[in-house]
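This report describes strand pairing and aromatic contacts in one structure. Please consult the sequence and the model alongside the text.

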Amino acid sequence: MQRFIFLIYFILICFFILPENISATTAESVNQQISDVNNQIKILDKEIAQYQQQISQTSEQSNTLANLIKELTLTRNKLLKETTQTEKKIMATGIVIGTLNDTITAEQKNIDNSKEVLSNIFRNIYQHDSISLVTRLISKKSLIEINREYNDLLSVNNKVNTYIEDLIKQQNILNNTKNNKEIEQHNLTTLKKALTQKKLAVDIAKKEKDTLLRETKNKESNYKKLLVDRQKKRDAFEKDLRNYEDQLKFILNPNLLPAEGSGILSWPLDKIYITQLFGKTIAARRLYVSGSHSGVDFRASLGTAVKSMGSGEIIGTGDTDIYCKGASFGKWVFIKYNNGLSSTFGHLSMIYGKTGQKVTSGDTVGLSGNTGHSTGPHLHVTIYASEGASVKTLPSISCNGKTFIMPIASSKAYLDPMLYLSKISSNKIKNDTIKD
């Protein structure tokens with residue numbers, strides 16, 4: 001019996017000590033790799049911020065062909081840096097996933113081996129011989145021997161119980177490691193999608209610059225003529241649209257709308273800076289025939305992810321430039337939310353959402369751009385009472401009688417987006433957007 005107990009002690013000592021998942025040397029090497037990549041990402045962060053500052057400064061300058069070309073060049077350079085940054089993040093995430101894979105493999109092997117050893121111990125306990133524990137104990141010649149052997153068995157039992165507890169802890173560690181791996185895998189998938197978006201945005205920026213140079217032949221006078229022509233077309237189109245919308249019969253029912261100031265809509269961009277507010281503002285009086293702006297404009301360099309402002313369904317997507325270039329939204333996405341509100345995102349460079357697609361708050365539905373009537377990359381957001389807005393196919397008098405498809409709403413259905421967004425500080429709003 002004593003030989004058997006000694007054997008169990010030996011097994012416990014040899015196998016029950018849980019090894020480290022990763023050696024200190026390996027862990028140090030991995031941490032150094034991740035640290036190096038993160039340092040490179042920080043350098044790229046600074047370079048991207050510098051480009052963004054230059055883009056913002058350029059967009060504030062006079063609207064000339066030279067400034068626009070400069071802005072497009074800076075935007076493309078910024079996007080290239082962002083592409084490299086995303087690739088670095090993918091690399092860092094890949095290192096983490098590789099480390100987690102090694103940890104999972106080591107943990108699982110350790111658990112499997114430990115379970116097998118534990119199984120053998122219990123098998124030996126019950127199959128060591130045919131003599132029962134009670135028979136073995138009462139066969140001892142003295143109470144001292146009985147007490148010693150009983151205490152030895154208790155000690156072994158305690159050690160086995162301790163080991164089982166350690167094994168359970170080890171299993172929990174493995175489960176947590178697997179969960180962490182799933183999170184990192186999700187992060188990696190998200191980063192790869194972002195990388196694809198950035199590469200598309202780079203191509204769009206180059207194409208837009210090449211198109212502009214081709215249309216203007218790199219002459220400032222040609223660019224001015226182009227602007228005048230587009231403004232005339234925009235004014236005529238706006239008049240057509242307003243006449244049609246005035247004919248739509250709609251009675252606004254406030255009971256079907258969320259409470260004002262509820263913050264029920266999320267912001268469509270990660271970084272917010274408003275360049276034009278809704279309604280009659282100083283800038284609207286200068287920029288629009290009606291003297292009123294139908295939505296809110298956000299600063300958004302070309303290729304910025306545009307996100308759904310709530311849960312709902314994409315009712316339609318399209319591109320007004322196909323029918324009347326430079327007159328309206330350009331590429332647009334129209335979403336009907338589950339809260340009585342709908343939105344149009346205009347001037348997009350890319351559309352990701354599809355008609356009939358269900359979306360939730362934060363889902364990317366497109367990339368910001370400079371399509372339609374726009375003098376520079378930005379995002380236009382219009383909010384409507386859902387009951388008064390829909391996607392329509394209509395003839396356009398101003399655009400050579402062509403038929404166009406876009407969101408249309410009764411003039412009474414237009415709502416101020418700021419009433420349903422969370423409050424922001426005044427320094428996030430451009431000065432000349434104050435109400436007229």
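## Strands 5 and 6

Strand 5 (residues 331–337) pairs with strand 6 in the antiparallel sense over 5 bridges; two strands pair if DSSP finds at least two bridges between them. Helices (H or I, at least four residues) and strands (E, at least two) are DSSP runs, numbered from the N terminus. Opposite Ile335 stands Ser343 in strand 6. The hairpin of strand 5 and strand 6 has 3 residues between the strands, and Gly340 takes a positive phi near 95° there.

The model is predicted: local features need pLDDT of at least 70, side-chain atom pairs count only at pLDDT 80 or more, and totals for chains, interfaces and linings use all residues. Residues are numbered from 1 along each chain as its sequence is written, and side-chain values use heavy atoms, with hydrogens and water left out.

Strand 6 (residues 341–351) is mostly covered, with 9 of its 11 residues buried. Buried means under 20% relative accessible area, exposed over 50%, and partly exposed in between (1.4 Å probe, protein chains only).

Strand 6 also pairs with strand 9 (residues 378–385), in the antiparallel sense and over 6 bridges. In this pairing Ser342 stands opposite Tyr384 of strand 9. Strand 8 (residues 364–368) runs antiparallel to strand 6 and is joined to it by 3 bridges; Leu348 has Ser368 of strand 8 as its bridge partner.

## Strands 1, 2 and 9

Strand 9 pairs with strand 2 as well, in the antiparallel sense over 4 bridges. Val381 in strand 9 is the bridge partner of Val296. Strand 2 (residues 296–299) is in turn joined by 2 bridges to strand 1 (residues 274–276), and these two run antiparallel. Here Gln276 stands opposite Asp297 in strand 2.

## Aromatic pairs

A search of the whole structure finds 3 aromatic pairs. Rings of Phe, Tyr and Trp (its six-membered ring) pair if their centres lie within 6.5 Å; planes under 30 degrees apart count as stacked, over 60 as edge-to-face and the rest as tilted. Trp267 and Phe298 form an edge-to-face pair, at 6.1 Å centre to centre with 80° between the planes. Trp267 lies in the loop between helix 6 (220–247) and strand 1, and Phe298 lies in strand 2, so the pair ties together parts that are 31 residues apart in sequence. Trp267 and Phe298 are both buried.

One aromatic cluster is formed by Phe334, Tyr384 and Tyr414. Of these, Tyr384 is the residue of strand 9 that stands opposite Ser342.
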